[in-house]
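My notes follow as numbered points, to be read with the coordinates open.

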Amino acid sequence: MKARHLAWLRRLSQGAFLCLFLFLMVKAQLPGDAALDYSRTFSPMDGTQQTAPSLLPDIRITQPVGLFFQMDPLVWLSSMVSARTWLAGFGLAAAVLLTALFFGRFFCGFICPLGTLHHLTGAIRPSLTKKELIIANQTRNSRRLKYILLATLAGAALAGMNFAGLLDPISLLFRSLGLALTAAAGIGLHDLFGFLAASDIKLLNYLGYGGEALSAPIFGYDNRVVETGWFLGLLFLVILFLNRLRPRFWCRTLCPLGALLGLCSRWSILRLEKDADKCTRCGRCTQTCQGAASPTPGEEWRTDECLICFNCAADCPEDALAFRFRLPFGMPRKTDLNRRALMAGMAGGIALPFLGRLDGRSDRALAADLIRPPGSLSEPEFLDRCQRCGLCMKVCPTGAVQPALSAAGVSGLWTPVLVMSLGYCEYACTLCTSVCPTGAIAPLTLAEKIQSPVRIGSAFLDRGRCLPWNGNAPCIVCEEHCPTSPKAIYFKNDVITRSDGRTLPVQLPYVDLSRCVGCGICQNKCPVRGKPAIRVISAGESRSLENQILL
Amino acid sequence: MSHEPITRRESLKRIGKISAGLTLGAGLVSPLTSLLARAALPKPQATAAWLVEGVGEQPGYCVKTLTRKVFDAAGGMGKFISKGDVVVIKPNISWAQAPHLAVTTHPEVMQAVIELCQEAGAKKVRIADNTIHDAGRCFAVTGAASVAEKTGADLVHPRSSMMKKMNLHGHRLDVWPVFTPFVEADKIINLPVAKVHGLSVLTLGMKNWIGGVGGRRSALHQDIHQSIVDLAQFFRPQLTLIDAIRILTANGPSGGSPSDVKIENRLILSNDMVAADTRAARLFGKTPEDVAFIHLGNKWGLGSSDLERLDRQSVVL
């Protein structure tokens with residue numbers, strides 16, 4: 001096969017995997033056509049037989065929405081090292097590592113959807129001029145940074161804290177695109193369609209409503225809130241913009257997964273063979289080189305930088321370049337991860353977890369607002385595994401699961417926390433527990449969640465704000481929505497004398513902590529907006545032995 | 001029903017211009033022409049109040065058959081639905097709980113009613129409820145999505161763009177966002193489930209209309225009974241069919257445990273929402289005096305809580 005064909009094969013593969021990623025990203029939500037077979041929950045109508053809770057239906061996403069995480073060796077290895085346990089289900093990640101051993105950074109060139117986006121952004125015209133590209137594509141010392149970052153992540157994981165998700169390309173892409181940018185685009189589209197729908201022109205009306213119907217399966221019917229979403233989105237746009245300075249800036253300079261695969265590629269049997277006699281020094285190979293891997297004859301080709309895009313061989317007018325399978329005779333060239341970089345990176349990485357623990361958020365039950373999704377492991381174990389990918393946040397049907405900015409401390413940046421003013425944990429929903437790629441949120445069945453019960457926190461009444469407690473109005477909204485049976489919120493009847501001397505019979509709400517699961521719907525629905533009169537804190541959560549209130 | 005502050009006809013005129021394409025948003029097409037035709041519909045004639053009760057006595061009886069028999073006894077669906085009508089069904093599917101927990105309307109009752117409407121020549125049958133839990137989950141778990149799939153009825157996803165501010169002309173409520181399918185309907189059938197409620201004592205037919213509006217609904221509880229009556233007089237359904245196949249006797253309205261459920265095997269159909277609620281309240285041992293919104297509904301002339309003055313029938317399966 002000619003290099004030209006290989007380059008087209010690569011483009012096809014990139015397009016296919018990017019589409020697959022986007023498809024799975026869109027599918028990472030409550031299925032729009034979910035319809036459970038209700039007949040199995042009915043017992044005969046004689047009233048004697050009670051339905052076992054195990055018969056209650058669980059909604060699941062049928063597509064493998066965690067697929068790209070399961071083929072990501074960095075997600076797999078960092079979680080295993082940090083949690084010091086074997087994680088099953090990552091066969092594809094192992095396969096990616098194996099392909100790197102034989103074919104170099106094949107994943108970066110052919111599969112990685114973030115790499116593809118970088119590739120596209122760098123190539124869109126007007127891009128850099130030919131001369132500028134040749135300069136931008138020279139091998140630079142900054143390429144070493146990614147190895148240092150990888151060493152830092154490894155050091156931190158060894159010391160028991162997993163930061164890999166902050167820089168992992170798949171997690172970064174899903175978090176930025178799936179959460180922030182999709183939600184932002186949704187707001188824009190809703191505004192546009194709303195504007196059209198309000199128009200006096202009939203055609204625009206139809207466009208508005210048709211647009212809403214078409215966009216709803218992807219962007220939802222209403223605007224979604226993503227805390228710190230502006231920052232996630234902006235960061236991503238900046239990272240994309242860097243490609244306009246140097247093509248695939250991220251892949252060359254920062255990507256820790258690229259560094260990991262680069263390390264594996266030292267012994268790759270797929271090698272670029274150069275024929276210096278044919279070369280006319282025209283520079284085209286460097287001009288189109290995506291990895292800045294020194295493809296020009298006369299220079300030393302860098303296996304660990306090459307993204308296997310086949311551009312150099314495809315574009316060489318003299319056929320001076322060709323990729324061939326060759327056993328790497330003799331010792332391979334020294335890797336960029338030299339001893340000094342490794343030591344510096346590891347030292348930094350090992351120090352990070354201890355710095356990260358200074359705020360006490362992960363060690364002590366200090367964080368009232370650190371409410372994790374149901375099924376989450378205990379906090380240290382959770383942080384060992386969480387990749388901050390945002391999958392649980394994307395699938396939450398109420399939008400309660402949000403990327404943490406400060407709630408989980410610095411070591412928990414962008415990990416999932418529940419914000420009850422934005423959503424609540426639906427009592428009979430276990431969707432987020434079914435998608436976590438690393439098991440930081442353990443899978444729960446509905447029966448397990450309800451019968452155990454799995455508590456994520458406890459509700460406390462703020463009597464100073466509560467309407468009936470102050471004689472302002474009768475109100476039972478918290479009790480009405482309380483989903484447990486028997487309800488965790490109950491009343492005592494009272495008569496309040498108001499300022500004008502009139503009396504008001506009221507039902508005063510109380511919370512029974514032994515029944516409360518901390519779902520937060522009371523807080524979410526409380527008519528006292530802004531800072532509701534009943535609020536959930538993490539105390540009492542099932543996953544912690546220490547963060548308990550009752551004896 | 002002379003104390004009707006705003007007719008559907010008036011409200012239609014008011015929003016006709018804007019709502020021309022609204023239905024398309026739900027994946028439905030409703031040409032402007034049919035809307036205008038509906039705006040010209042005569043005001044429903046006030047007829048004598050009647051009430052039909054269906055009781056399933058045989059073990060393992062068919063809920064759908066019972067529903068059909070109840071409508072047969074009332075004179076058939078054709079008496080209420082005209083050919084070409086857009087009918088909107090308002091079940092209570094507000095909580096994402098499985099239907100055996102008696103928190104939501106029995107899906108087989110819903111299915112039978114939709115099929116009856118279709119057989120009577122309805123052009124379009126829609127299922128609409130502004131749910132409390134996430135709508136997608138409510139549809140999936142309560143069985144409403146299955147019913148829509150089986151019958152071809154439209155299940156309208158509630159969202160802010162489908163809430164239209166309208167003047168309810170109520171005693172307590174004035175301008176409030178209304179879920180548009182109800183505004184655009186030719187006929188409305190209310191399909192509540194009978195449950196206990198911490199504040200309004202019971203939730204039956206009239207209270208079901210809290211699911212017909214959007215906005216700050218949690219504030220309605222500060223004057224719940226008058227709010228219920230205001231909403232009921234605004235929506236004024238053609239028929240109210242109360243699902244008491246099984247009723248929720250504790251931990252309402254959210255329920256959650258089979259032990260809160262009592263099997264009644266009963267359906268209550270009436271053209272008088274106050275009468276239907278009065279009859280259903282008796283299943284819980286409550287009188288209109290115990291349930292203030294029934295009392296108020298009677299007082300404001302929405303219907304009669306005097307069951308003796310009704311034309312009453314009963315069917316047994």
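1. Let me start with chain B. Of its contacts with a separation of 6 or more, 75% are between residues 24 or more positions apart. Its secondary structure comes to 10 helices and 12 strands, and 69% of its 317 residues are buried. Please keep in mind throughout that this is a predicted model.

2. On confidence, chain A has a mean pLDDT of 89, with 94% of its residues at 70 or more. The stretch to flag is residues 44–51 of chain A, where pLDDT stays under 50. The model still has 15 contacts for that stretch beyond four places in sequence. Where pLDDT is low, the predicted coordinates should not be read in detail.

3. Next, the interface. Here 50 residues of chain A are in contact with 61 residues of chain B. Together the two chains bury about 4,500 Å², and 59% of that area is on carbon and sulfur atoms.

4. How many salt bridges does the rule find across the interface of chain A and chain B? There are 3. One of them joins the side chains of B:R159 and A:E212, at 3.1 Å from N to O. Polar contacts between chain A and chain B come to 18 residue pairs, both residues being at pLDDT 80 or more. On the side of chain A that touches chain B, the elements giving two or more residues are α11, α21 and α22 (521–525). The largest share, 7 residues, is from α11(A). By type, the residues on this side of chain A divide into 31 nonpolar, 10 polar and 9 charged.

5. Two peptide bonds deserve a look. The bond from A:S452 to A:P453 is cis, with omega near -20 degrees; A:P453 is in the loop between α20 (446–451) and β5 (458–461) of chain A. The bond from A:S485 to A:P486 is also cis, with omega near 0 degrees. A:P486 sits in the loop that runs between α21 (477–481) and β6 (489–497) of chain A.

6. A:T228 has a phi of about 60 degrees and lies in the loop between α11 (202–219) and α12 (229–241) of chain A. A:S294 has a phi of about 55 degrees, and its place is the loop between α15 (284–288) and α16 (311–315) of chain A.

7. My last point concerns A:N137, in the loop between α7 (130–136) and α8 (145–158) of chain A. With a relative accessible area of 1%, A:N137 is buried. What does the side chain of A:N137 have within reach of a polar atom? A polar atom of that side chain lies 3.2 Å from the backbone oxygen of A:C289. Leaving aside residues up to four places away in sequence, A:N137 touches A:P247, A:R252, A:T286, A:Q287, A:T288, A:C289 and A:A292.

How values were computed:
Residues numbered from 1 in each chain as written. Chains lettered and ligands numbered in written order. Heavy atoms only, no water. Helix = DSSP H or I, 4+ residues; strand = E, 2+ residues; numbered from the N terminus. Contact = heavy atoms within 4.5 Å. Buried area = accessible area lost by both parts, 1.4 Å probe. Salt bridge = Lys/Arg side-chain N within 4 Å of Asp/Glu carboxyl O. Polar contact = N/O pair within 3.5 Å; in protein donor to acceptor, adjacent residues only side chain to side chain. Nonpolar A, V, L, I, M, F, W, Y, C, P; charged D, E, K, R; others polar. pLDDT = per-residue confidence, 0-100. Buried < 20%, exposed > 50% of the residue type's maximum accessible area, 1.4 Å probe, protein only.
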